[in-house]
Amino acid sequence: MRYGFVIDQDRCIGCHACTVACKEEHQVPVGVFRTWVKYVEKGQFPNTSRHFGVMRCNHCDDSPCTVICPTSALYRRADGIVDFDNRRCIGCKACMQACPYDALYIDPHCNTAAKCNFCAHRVEVSLEPACVIVCPTQAILAGDLDDSTSQVSQIVASRKVSVRKPHKGTQPKLFYKGIEGDLLEPTRMARESTHLWSDRRDGGVASDVVDLAGSMAREVYDVAHPAPWGWKIAAYLWTKSIAAGVLIAVAILAGLVGNTLIPMRPVIAPAISLIFLLATSVLLVVDLKRPDRFFYLLTKPNWKSWLVTGTYVLMAQGALATIWLTVGMVNGVVPPFLQWSASLVSVAAAGYSAFLFAQAKGRDIWQSPIFLWHLLCHALTAGFATVLIAGMVVGNAAEATRVSAFGLLFSLVASLAMIGGELALPHVSQDVALAAQSLLKGVLSQRFWGLAIGAGLIVPIALVGLVLSGVLSGIGLLIAAAFALAGVWWFEDLWIKAGQSVPLS
């Protein structure tokens, strides 16, 4: 048994009865929606036409939201319905990034994720979903797709139907008959920052295309979809880069110049790592809509989610850094085995977020296979920059400082090369191209070129080069390290914003 929907847009009159019925059935708060009707217009006056698209959860057979959910608050039932249990939800908003269809929202009453659940409570007593019975034109049909005698199964088998974003591989079970192709691909529409009777409140960016000829479909009504993740996620990536990077950098330095030339190694390095690891943990918990449930990551884990795996990696890093600090304070000497074990776990801590972001299937630019290497380079940049700043205070040997400067220079040049390749090479999808466009020429371009590239990469590369060539004194390394750390933050912040700048519905 696999329950699914068929929506006949040839019958839909855009009356919003389905939206109202859904809100009443589930007591959906004002401002959020489980199902909604989107309007687009095409043509130029007087030859214009309006088209409707009913949007909601697609109840995918391969649902990315159930994979990324760290507490299995979202789950797929035996009958194919993707349901949720708000008693398990911690409000991490990862499911909202994983869904390619913008179907999830945070309920402002209980601060947990919610969406269309096929009116599962009605289905269980052999009743149809509320939207089906209220539709005045019978445009919405629901039934068992595995039952060859059901109306939905027969329509899917015999009529031309479409699904949204089939390339995502989610196997959606919401089929459209007679829908305009533009409604299936939101990036093909001209989007405005305001409508006739309302303004957008989701931070959406108007289309860069001025459609004077009326040749594009124009979005004239939609509901708000605010970006789920903000500065706290960017800050978490930044603090995590420092926490992991300082242990990695110190381990590399110890292997290259020896332990005696790095006085910060036994105590200061693990102490810095633990401080920023604590900041990372605080940011992650504070960003939750239900921070009181953060321990569900340990008590109700979904082992398919990289949020859970990452939690344990961070705990392992914290444990090893604590042992490193304790041994260093007691003995003044850190065994190489402990040092390299902590640095290897730090590599995992720096890089696991790439796999988490890859589970966010709604955001194409985050699917980049290069993102893992971005994060590792950021950890090296942050690590060597922190070692240079701390080393100036505690008095690292000149050779250790020189090797740290080369390490910083290498990581900065590698980061610059990867960013160039990421954005200049052909893009795998229109969503990636639009996200890249927002960085290169769009609303984020001034901060991208001026801060992330200019101040965050070019300036520190030039300063380190001048110091190593003897033109500038050692103070130039401090300035370069400060700019490099800021550059990591600027890039992470813009990368988060760019990924969420492309509309999903």
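Ala 481 is found in helix 17. Helices (H or I, at least four residues) and strands (E, at least two) are DSSP runs, numbered from the N terminus. The model is predicted: local features need pLDDT of at least 70, side-chain atom pairs count only at pLDDT 80 or more, and totals for chains, interfaces and linings use all residues. Residues are numbered from 1 along each chain as its sequence is written, and side-chain values use heavy atoms, with hydrogens and water left out.

Ala 481 counts as buried because its relative accessibility is 0%. Buried means under 20% relative accessible area, exposed means over 50%, and partly exposed lies in between (1.4 Å probe, protein chains only). Neighbours within four places in sequence set aside, Ala 481 is in contact with Ala 385, Leu 388, Ile 389 and Leu 408. Contact means heavy atoms within 4.5 Å. Thr 381 is 100 residues from Ala 481 along the chain, yet their C-alpha atoms are separated by 8.4 Å.

Helix 17 covers residues 475-499 and also holds Phe 491 and Trp 495. These two residues are 4 residues apart, about one turn of the helix. Both Phe 491 and Trp 495 are buried.

Aromatic pairs were assigned from ring geometry. A pair of aromatic rings is described by the distance of the centres and the angle of the planes. Rings of Phe, Tyr and Trp (its six-membered ring) pair if their centres lie within 6.5 Å; planes under 30 degrees apart count as stacked, over 60 as edge-to-face and the rest as tilted. By this rule there are 16 aromatic pairs. Tyr 39 and Tyr 221 form a tilted pair, at 5.5 Å centre to centre and 50° between the planes. This pair links distant parts of the chain. Tyr 39 lies in strand 2 (residues 35-44) and Tyr 221 in strand 12 (residues 217-221), 182 residues apart. Tyr 39 counts as buried, since its relative accessibility is 13%. Tyr 221 is partly exposed, with a relative accessible area of 28%. Phe 491 and Trp 495 form a stacked pair, with 5.3 Å centre to centre and 25° between the planes. Ring pairs also link Phe 491 and Trp 495 into a cluster with Trp 229, Phe 357, Trp 366 and Phe 371.

Backbone geometry was examined next. Most residues other than glycine have a negative phi, and most peptide bonds are trans. A cis peptide bond joins Phe 45 and Pro 46, with omega about 5°. Pro 46 is placed in the loop between strand 2 and strand 3 (47-56). Cys 119 is not a glycine, but its phi is positive, near 45°. The loop between strand 7 (112-114) and helix 4 (120-123) contains Cys 119. Cys 119 counts as buried at 7% relative accessibility. Lys 165, also not a glycine, has a positive phi of about 50°. Lys 165 lies in the loop between strand 9 (161-162) and strand 10 (174-177). With a relative accessible area of 4%, Lys 165 is buried.

Val 32 is in the loop between helix 1 (17-26) and strand 2. Val 32 is buried, with a relative accessible area of 13%. Beyond its neighbours within four places in sequence, Val 32 is in contact with Lys 23, Tyr 105, Ile 106 and Pro 108. Val 32 and Ile 106 are 74 residues apart in sequence, and C-alpha to C-alpha they are 8.0 Å apart in space.

Whole-chain values follow. The protein chain has 17 helices and 12 strands. Its C-alpha atoms fill a box of roughly 80 × 55 × 35 Å along the principal axes. Of the 505 residues, 57% count as buried. Among contacts with a separation of 6 or more, 71% are between residues 24 or more positions apart. The accessible surface comes to about 20,900 Å², and 63% of it belongs to carbon and sulfur atoms. Accessible areas come from the Shrake-Rupley method with a 1.4 Å probe; for residues, only the protein chains shown count as cover.
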